[in-house]
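The following exercises are to be worked through with the sequence and the model side by side. Each task is followed by a solution that goes step by step.

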Amino acid sequence: MKTKLTKDLESTLYQYCLEQGSYVVEEVSMPDKKGIVDTLSYQQLSDGQIEWRCYELKVTKADFHSKAKLSFIGNYNYFVLPQKLFEEVKAEIPTHIGVLIYRAFDQKAIENSPQTLRAPGFLTVAKKAQYQDLQVDETKLTSHFIASLFREVDKAKKVEKGLQLYSDDKLFKELKKRSKAGYDVYTPDHNLYDRFIDDLQDEAIDSLQEELDARNEQYQALKLELQKLHQPNLEDQV
């Protein structure tokens, strides 16, 4: 599971890459079993050349020393780190690897911002990356990049369509799985099934009330029409 800090770094880096004019996607598997890079960006330069940048996000010293393969195969490669972690590990960072430092916006800056901030913080360059030749075949890397972009588009479309994608059977199984988390009799507002049943009952009551109001309105209209029909007869008798 990603920590909140990791997610904050990820969303800030995404916005940073967009502002640099790059196409960007997270968690891209590399060709030739070169691992999975946290974030990969693709940028076409004015001379038509393509520039690839790889970013590895680390939030703790243990994370930095993880045995997971670092996929620094791009033309420029960076660690993205909180300031505190950078101070602890900067002596261990290879010469050719750059570093972006993450700093979160404070609450006052967020409140005083004239527009909605698109990221929870900002990045500054603490160490420039040195250029290197691409370490994998570019055609293969492009294919992996496109596949990862498609994965993200597919996820977004599924979220947009929501529960329409699931059969009643699958939804029922998911509800059964969630029931294993326990049922709190002391805080019923936190129980999924109680909330679901309460909502259904409220909707049913609202629906019945609307139908009753509509029928009452029809009844009153018919009653008025009948009164109008009988009114001339009464006048003739007089």
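**Exercise 1. Positive phi angles**

Where is K33 found? K33 is found in the loop between β1 and β2; helices (H or I, at least four residues) and strands (E, at least two) are here DSSP runs, numbered from the N terminus. The model is a predicted one, in which local features need pLDDT of at least 70 and side-chain atom pairs count only at pLDDT 80 or more, whereas totals for chains, interfaces and linings use all residues. Residues are numbered from 1 along each chain as its sequence is written, and side-chain values use heavy atoms, with hydrogens and water left out.

Step one: phi of K33 is near 55°, which is a positive value in a residue other than glycine. Step two: with 76% relative accessibility, K33 counts as exposed, where buried means under 20% relative accessible area, exposed over 50% and partly exposed in between (1.4 Å probe, protein chains only). Step three: E27, although not a glycine, also has a positive phi of about 55°, but the place of E27 is in strand β1, and its 37% relative accessibility makes E27 partly exposed. Step four: β1 and β2 form a hairpin with six residues between them, and D32 in the turn has a positive phi of about 55°.

**Exercise 2. The sheet**

Step two: six strands form an open sheet in the order β1-β2-β3-β4-β5-β6, with mixed pairing; two strands pair if DSSP finds at least two bridges between them. Step three: β1 and β6 are the edge strands, each pairing on one side only, and neighbouring strands of this sheet are turned by 30° against each other on average, direction ignored (axes are lines fitted to C-alpha atoms, for helices over the stretch in contact, and angles run from 0 to 180 degrees between N-to-C directions). Step four: β1 and β2 pair in the antiparallel sense over six bridges, and the bridge partner of S29 in β2 is I36. Step five: β2 and β3 also run antiparallel and are joined by six bridges, while Q44 stands opposite I50 in β3.

**Exercise 3. Aromatic pairs**

Step one: a search of the whole structure finds nine aromatic pairs, where rings of Phe, Tyr and Trp (its six-membered ring) pair if their centres lie within 6.5 Å, and planes under 30 degrees apart count as stacked, over 60 as edge-to-face and the rest as tilted. Step two: the rings of Y55 and Y78 have centres 5.3 Å apart and planes at 15°, so this pair is stacked. Step three: the pair links distant parts of the chain, since Y55 is in strand β3 (residues 50-57) and Y78 in strand β4 (residues 76-82), 23 residues apart. Step four: Y55 is buried at 3% relative accessibility, and Y78 is buried at 9%.

Now treat F105 and F122 likewise.

Step one: F105 and F122 form a tilted pair, 5.6 Å centre to centre with 35° between the planes. Step two: F105 lies in the loop between β5 (98-104) and α4 (107-112) and F122 in strand β6 (residues 121-127), so the pair ties together parts that are 17 residues apart in sequence. Step three: F105 is partly exposed with a relative accessible area of 28%, and F122 is partly exposed at 33%.

**Exercise 4. The nonpolar cores**

Which residues have the most contacts inside the largest nonpolar core?

Step one: a nonpolar core is a set of buried Ala, Val, Leu, Ile, Met, Phe, Trp, Tyr and Cys residues joined through side-chain atoms within 4.5 Å. Step two: the largest such core has 22 residues, and those with the most contacts inside it are M30, L40, F79, L81, I93 and L141. Step three: the largest share of this core, three residues, comes from α3. Step four: a second, separate core of 15 residues includes C17, V24, L57 and L123.
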